[in-house]
Amino acid sequence: MRILVLGAGAIGGYYGARLLQAGAEVSFAVRPRRREILQRNGLVVRSPLGDVRQEVHTIDAGQIDGTYDVVLLACKGYDLAEAIDNIAPAIGSDSVILPFLNGLGVYDVLDRRFGRARVLGGVAYIATQLDSEGAIEHLAPADVVMLGARSDNKFAVDAAEALHALLRTSEGTRILSPDITQALWDKWAMLATGAAMTCLLGANIAQIQASTSGRPLIERAIAEVEAIASAQGHPIRGEGAERIRKLLLDPASQWKASMARDMAQAARRIEHEEIVGDMLRLGRRHGHDTPLLDAAYTLLQIYANQQARPS
């Protein structure tokens with residue numbers, strides 16, 4: 001199976017490495033600076049599930065030619081338009097796209113360009129980051145990938161099954177989901193709630209809950225987001241609801257959204273529109289009162305506007 005990974009950052013690089021271990025033919029489409037690092041050091045992953053260090057095939061992200069069986073898309077939401085233009089030459093008649101992106105609005109954009117049957121659903125529960133030298137650090141043993149077709153289209157179903165069969169030979173938990181759209185909603189609900197609260201309050205979950213009103217505020221934020229999901233026809237139940245509460249209501253949880261960490265560095269763009277903004281807009285469409293999402297989104301907009309201002 002020929003696979004193109006757009007980006008070799010913390011997520012794309014990690015799963016590209018696992019796909020290489022599974023025996024796939026993997027190329028990485030990257031920007032010049034990242035390409036230089038990979039050519040000099042190779043792809044380096046440090047993980048509780050097994051380290052990787054190997055030479056990889058890289059392509060300039062803007063100069064892709066030839067088609068691939070699978071394009072793994074692991075960019076940030078604010079880079080999606082550029083990414084779509086970059087991967088277009090890689091999409092042939094038998095190609096599919098597996099996004100590891102935040103939110104669901106990105107799927108509407110991909111569907112319009114490539115067609116719903118070509119865009120699988122992908123969810124990754126993993127904590128990774130790049131270190132100062134460009135190596136990928138896997139910060140905890142958890143590594144769960146859920147993927148699936150977003151319709152009963154036979155082409156999409158067969159592609160999802162084939163990709164899952166490959167992925168499941170790699171380390172980690174690999175799930176072929178019968179309802180990947182619900183799985184996407186479960187992940188988005190968790191991330192939107194957690195990002196809203198940790199960004200708004202500038203603290204991790206344990207620090208928030210150590211305050212008098214911290215836990216009730218998180219519970220209200222969960223209720224806001226879950227009401228929106230229900231109104232959209234995707235109520236958060238069972239394992240999805242349990243995962244949200246385990247992460248966001250554990251008094252010992254050190255979790256903090258990566259967006260909150262990016263804001264603390266005051267030098268990075270953030271995915272506020274895809275993670276919080278789109279959720280808030282859906283809430284307004286259904287007439288829901290969402291004061292905590294409103295407050296968080298206001299803060300995020302202020303930060304983004306400040307970042308966009310010329311220095």
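Q: What makes Y14, Y15 and F100 belong together in this predicted model?
A: Y14, Y15 and F100 form one aromatic cluster. Ring pairing requires centres within 6.5 Å, and by that rule the count comes to three aromatic pairs.

Q: Why is the pair of Y14 and Y15 called edge-to-face?
A: The ring centres of Y14 and Y15 are 5.0 Å apart, with 90 degrees between the planes.

Q: Why is the pair of W185 and W188 called tilted?
A: Here the planes stand at 45 degrees and the centres are 4.9 Å apart, so the pair is tilted. W185 and W188 are three residues apart in helix α6 (residues 180-201), which means about one helical turn separates them.

Q: How do you know whether W185 and W188 are buried or exposed?
A: The cut-off for buried is under 20% relative accessible area. W185 has 4% and W188 has 3%, so both W185 and W188 count as buried.

Q: Why does R174 count as buried?
A: Its relative accessibility is 10%, and under 20% is buried, so R174 qualifies. R174 lies in strand β10 (residues 173-176).

Q: What makes the link between R174 and D143 a polar contact?
A: The side chains of R174 and D143 are joined at 2.9 Å, and the limit for such a contact is 3.5 Å. The side chain of R174 also reaches the backbone oxygen of E171 at 2.2 Å.

Q: Why is the pair of E137 and R46 called a salt bridge?
A: The closest N and O atoms of E137 and R46 are 3.8 Å apart, and the cut-off is 4 Å, so the pair counts. E137 lies in strand β9 (residues 136-148) and R46 in strand β3 (residues 43-46), so the pair ties together parts 91 residues apart in sequence. With 23% relative accessible area, E137 is partly exposed, and so is R46 at 36%.

Q: How do you know that the charged end of R2 sits over the ring of Y68?
A: The charged end of R2 is 4.3 Å from the ring centre of Y68, and the distance limit is 6 Å.

Key. Residues are numbered from 1 along each chain as its sequence is written. This is a predicted model: local features need pLDDT of at least 70, side-chain atom pairs count only at pLDDT 80 or more; totals for chains, interfaces and linings use all residues. Side-chain values use heavy atoms; hydrogens and water are left out. Helices (H or I, at least four residues) and strands (E, at least two) are DSSP runs, numbered from the N terminus. Buried means under 20% relative accessible area, exposed over 50%, partly exposed in between (1.4 Å probe, protein chains only). A polar contact is a pair of N or O atoms within 3.5 Å; within protein, one must be able to donate a hydrogen and the other to accept it, and residues adjacent in sequence count only if both atoms are side-chain atoms. Rings of Phe, Tyr and Trp (its six-membered ring) pair if their centres lie within 6.5 Å; planes under 30 degrees apart count as stacked, over 60 as edge-to-face and the rest as tilted. A charge sits over a ring if NZ of Lys or CZ of Arg is within 6 Å of the ring centre and within 35 degrees of the ring normal. A salt bridge is a side-chain nitrogen of Lys or Arg within 4 Å of a carboxyl oxygen of Asp or Glu.
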